[in-house]
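Thanks for asking me to look this over with you. Here are my notes, point by point, to read with the structure open beside you.

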Amino acid sequence: MAALTPAAPPVTDAPAPARRPGRPRAGRGWRGAVLVIAAVYFLTPLLASFVFTVNDPVTGFTLDAYLEIFSAEGFVSSLLLSLGLAAATIVTVLVLTLPAMLAARLSAPRLRPVLEVLCTLPLVVPPITFVAGISTVLRWGPDYLATTPFYMTLIAVQNPSFPVVLVIANVVLALPFVYRALDAGLGAMDVRTLVEAARNCGASWPHVLLRVIIPNLKSGLASASFLTLALVLGEYTVARLLGFQPFSVWIVTISGSNAAMSVAVSIFSLLLTWLLLLVLSTAGTRRRRQS
Amino acid sequence: MAETSPAAPAAPRPGDRARAGGGGRRSLGWTAALPLLLFVGLAFGVPALALLAGAFTSEGAPSTANLTRSLQGAYLTALIGSVKLSALVAVVGAVLGTFLAQAVVTSPLRRLRDGVLTASGVLANFGGVPLAFAWIATLGNSGVLTTRLGLDAYGWSLYSFWGLALVYLYFSVPLMVLVVVPALDGLRPQWREAAQNNGATTWQFWRHVGIPVLTPALLGGVVLLFGGAFAAYATAAAMVGTVVPLVTLQIADALTGNVLIGYENVALALSFDMVVVAGLVMAIHLPLQRRSARWLR
Amino acid sequence: MNGAQVEFRGLRRAFGTTVALDGLDLTVAPGELIALLGPSGCGKTTALRCVAGFETPDAGAVLVGGEDITRVPANRRDAGMVFQSYSLFPNLNARDNVAFGMRVRKVPAAKRHARAAELLELVGLPSQGGRYPHQLSGGQQQRVALARALALEPSVLLLDEPLSALDAKVRVTLREEIRRLQLSLGITTIFVTHDQEEALSVADHVAVLKDGRLEQVGTPAEVYDRPATPFVAEFVGTMNHLPGRLDGDQVEVIGQRLPVHGEVPAGPDVDVLVRPETVLVTAAHDGDAEVVTASFRGASVRLRLRLADGTEVLADLPGHDATRLGPGGRAFLRLVRRPVLVAPRATAPAKVPAAGV
């Protein structure tokens with residue numbers, strides 16, 4: 001799994017680069033070369049994949065691979081499972097982190113370094129080692145807990161139709177990214193003054209949260225949600241090793257039977273990510289224009 | 001420097017908070033954070049402890065046998081293979097990413113910059129199985145380029161150490177671009193001009209000022225790239241199976257019982273090794289990041 | 001260190017459609033401090049950057065010590081520059097920042113450290129050599145930048161609004177120290193600023209620029225008292241625009257006849273330009289002017305008065321003279337008898353001058 005990073009929405013308010021006179025043409029050559037090489041490297045696999053999916057040795061051009069996706073067995077159920085997991089993960093991670101981070105900024109400054117460390121720790125633990133730990137815990141079930149109520153809980157979180165354990169694991173994996181996105185968002189506004197001003201005007205705490213903080217934090221929340229969504233849709237390691245079948249695992253399962261279709265699905269998932277990012281960055285721009 | 005930039009939004013300083021936070025408010029703050037703390041303790045702490053306990057338990061008794069075994073033979077080869085691959089990807093990715101970022105940052109075309117940054121945001125997150133499949137379709141045994149260019153005649157194989165490196169760069173270079181663009185933007189034109197004004201050539205500027213100033217950000221990027229490549233499992237699993245020895249593949253094998261029963265605890269010991277390596281690398285990263293933020297603000 | 005003469009000859013520079021320099025001709029005598037003064041976009045910074053070598057003029061030449069340096073690369077010019085702000089290398093401490101130029105020239109470490117220490121002492125930071133830029137205040141950073149600019153003993157010192165990012169108080173002390181240092185070193189100095197008070201207080205000569213052209217060059221007193229053009233009059237100091245009527249080489253304004261200085265525009269109706277300190281105010285309960293506002297400034301008070309016909313006039317008078325002139329008070333106005341500048345009548349009647357510095 002690739003490391004997830006805060007997807008940088010295009011920065012549009014950076015200062016214009018100062019004129020660097022006296023060397024107008026010197027830099028242009030290497031810059032062009034770098035850009036051309038990068039374009040070739042990054043576009044070739046995309047174009048080649050597309051050619052791979054539409055090329056039929058018998059008939060030439062065909063879009064069958066793409067059409068087959070939607071009728072393939074398990075496509076709908078695994079995609080729905082992934083989207084459901086993503087929604088649950090986003091809600092959970094935001095409900096957990098937002099109050100804690102606001103509290104750290106408003107009333108408990110000593111909480112902040114604690115949160116920072118807690119939310120950075122998952123970065124040090126690669127998903128594969130995390131799942132090793134989780135599967136060990138899950139194995140305790142039959143071994144030690146069979147006679148206690150915890151056993152039923154352990155069974156319940158592994159319900160294959162909606163494995164809560166994956167939500168829990170995804171929340172942990174998403175913590176570093178969500179923390180950074182929200183921290184940047186909170187840093188961009190003066191939470192303390194906003195809250196004090198709102199309280200001064202007689203607003204209740206829920207009102208402050210819903211009408212003052214969340215609207216101002218929209219772009220931070222959007223980017224946290226996007227990162228979490230991308231992470232959950234792409235998450236393979238934990239789901240695969242715990243034996244569940246969300247979208248990312250399903251792609252591999254069908255790849256044995258139909259190579260062209262599995263590549264088509266890969267392109268489909270890339271386009272999906274791209275679309276989500278576009279939605280996010282346009283939302284960000286609209287917000288900036290308002291302010 | 002605060003006095004010279006009155007326009008900067010006043011960031012809440014830790015000291016400010018004393019005035020508003022009475023004892024009651026403060027405990028309220030910790031209450032608000034309690035769900036998160038409990039969650040991390042349970043969902044992260046318990047598996048981590050289980051991992052530690054398992055790694056140091058052999059046949060029901062405390063021992064370092066698993067750890068010893070995880071640092072021998074095929075396991076050691078896999079661990080070294082992972083470190084080598086990650087280091088290669090991190091260094092090459094960092095260099096290429098920096099050049100690409102510099103090309104974009106110095107370009108007068110605003111659109112090019114926005115486009116590359118958006119693309120980087122997407123591609124840095126384009127990992128896992130789909131990435132592997134896209135490359136297999138391109139340069140795999142029956143890939144489009146392999147068959148059209150007859151690359152197999154030259155002994156080309158994507159399912160190798162170098163093939164993996166090529167594929168890992170696909171998400172590493174964009175990640176580096178995202179990391180290093182803010183740092184390059186932070187290089188003030190005044191520094192270059194001041195250096196010239198003091199008689200420095202372009203090369204002398206980079207040697208004495210530009211590169212030292214960028215170093216924390218660059219090293220930070222190398223660390224992130226290393227971490228990403230080191231932890232990657234899905235891409236490798238989908239591409240090479242077990243042809244290339246990697247520690248993530250070994251752990252997965254041991255966990256899913258593809259090898260002898262009773263090796264679960266070796267998997268845990270291997271995981272422990274990984275965490276130690278990743279932890280060491282991260283420990284370098286954080287102080288560097290602070291320094292870079294101070295210089296480039 | 002000896003200063004060199006700097007000469008701008010017909011300097012032109014355009015950025016796209018904006019013309020930054022439109023044939024600038026100016027000579028700076030050896031060892032003097034000249035201030036380039038003007039609003040933003042007047043080309044003053046571009047002119048300075050042409051001397052430093054960061055801009056290449058489209059036409060014209062820059063001469064230093066009689067030598068044409070227009071095409072000499074920036075890193076081989078003999079001019080030290082202090083930038084507006086944030087120009088210190090963040091990875092080097094104050095001492096190494098100052099010694100940077102010597103390090104580039106491969107001066108031995110011991111020698112360059114000694115020289116850097118000497119320079120830091122000169123700018124009043126003898127014990128801050130080990131500090132990094134982020135540990136220094138804005139004023140200290142600019143002092144280090146000044147030491148760095150002087151390190152290679154250049155024959156010209158270029159100051160690009162070096163004080164504009166500093167607090168008012170630091171700004172005043174530092175500009176005085178720059179002047180003291182400049183006088184003791186005798187280095188030719190070009191000081192770019194948009195702050196007329198700054199320019200008037202430190203410079204030997206002030207050159208006022210507008211739209212890339214030189215409007216006037218002269219001593220601070222000349223520029224202030226005898227502005228060559230209405231633009232200069234407006235930009236340097238505060239100016240009243242009073243409605244007047246031309247009559248031969250004299251002008252009639254608020255019931256007085258004064259000689260006209262400089263160019264005489266056509267048409268009998270003109271604006272007469274009058275400094276607030278040349279308006280004499282005498283408190284009188286039957287006076288024809290009413291005090292609208294009075295702002296106390298310590299040593300002086302600035303009054304805004306309204307005449308019977310609605311014209312507003314600013315007047316500065318010593319603080320103790322104004323105790324009886326609160327808002328609502330009445331007074332007689334008179335102008336000091338001396339030649340005045342007149343400008344073509346602005347279309348809007350009796351423009352109220354901004355109550356600037």
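Predicted model: local features only at pLDDT ≥ 70, side-chain atom pairs only at ≥ 80, totals over all residues.

1. Let us begin with a helix pair in chain C: α2(C) and α3(C) cross in a right-handed manner. Helix α2 covers residues 94-104 of chain C and helix α3 covers residues 109-122, and their axes come within 9 Å and cross at roughly 125°. How are α2(C) and α3(C) oriented to each other? Angles of 65 to 115 degrees count as roughly perpendicular and those over 145 as roughly antiparallel, and α2(C) and α3(C) are therefore oblique.

2. Sorted by class, the contact of α2(C) with α3(C) holds 8 nonpolar residues, 4 charged and 1 polar.

3. Next, the open sheet of chain C. Its 4 strands follow the order β2-β1-β4-β5, with antiparallel pairing.

4. For one pair to look up, Val6(C) has Val28(C) in β2(C) as its bridge partner. Helix α1 (residues 44-52) of chain C packs on the sheet and touches β1, β2 and β4 (59-64) of that chain. The direction of this helix makes about 115° with that of β1(C).

5. Strand β7 (residues 156-160) of chain C deserves a stop of its own. Is β7(C) largely enclosed or left open by the rest of the structure? Of its 5 residues, 5 are buried, so β7(C) is largely enclosed. Val156(C), Leu158(C) and Asp160(C) point one way from the strand, while Leu157(C) and Leu159(C) point the other way, and all are buried.

6. What does β7(C) pair with? Strand β6 (residues 79-82) of chain C is joined to β7(C) by 4 bridges, in a parallel arrangement, and there Gly80(C) stands opposite Leu157(C). Strand β8 (residues 188-193) of chain C is joined to β7(C) by 5 bridges, also running parallel. In that pairing, Leu158(C) has Ile190(C) of β8(C) as its bridge partner.

7. Among contacts with a separation of 6 or more, 67% involve residues 24 or more positions apart.

8. Now to chain A, which has 13 helices and 2 strands. Buried residues account for 42% of its 291 residues. Counting contacts between residues at least 6 apart in sequence, 79% join residues at least 24 apart.

9. Chain A meets chain B in a contact that takes 77 residues from chain A and 79 residues from chain B. Helix α1 (residues 28-54) of chain A supplies the largest share of the chain A side, with 12 residues. That side has 52 nonpolar, 20 polar and 5 charged residues.

10. One helix pair across the two chains is worth a look: helix α12 (residues 247-255) of chain A and helix α6 (residues 128-139) of chain B, whose axes come within 8 Å and cross at roughly 35°. Ser248(A), Ile251(A), Val252(A) and Ser255(A) face Gly128(B), Val129(B), Pro130(B) and Phe133(B) in this contact. By class, the contact of α12(A) with α6(B) has 5 nonpolar, 3 polar and no charged residues.

11. Finally, Leu241(A), which sits in helix α11 (residues 237-242) of chain A. Is Leu241(A) buried or exposed? Leu241(A) counts as buried because 21 C-beta neighbours lie inside 10 Å, the cut-off being 20 or more. Setting aside neighbours within four places in sequence, Leu241(A) is in contact with Val131(A) and Ser135(A), and also with Ala252(B), Leu255(B) and Thr256(B).

Definitions and conventions
Residues numbered from 1 in each chain as written. Chains lettered and ligands numbered in written order. Contact = placed C-beta atoms within 7 Å. Nonpolar A, V, L, I, M, F, W, Y, C, P; charged D, E, K, R; others polar. Buried ≥ 20, exposed ≤ 12 C-beta atoms within 10 Å, placed from the backbone. Axes fitted to C-alpha atoms, helices over the stretch in contact; angles between N-to-C directions. Parallel < 35°, antiparallel > 145°, perpendicular 65-115°, else oblique. Left-handed = near helix turned anticlockwise from the far one by under 90°. Pairing = 2+ DSSP bridges.
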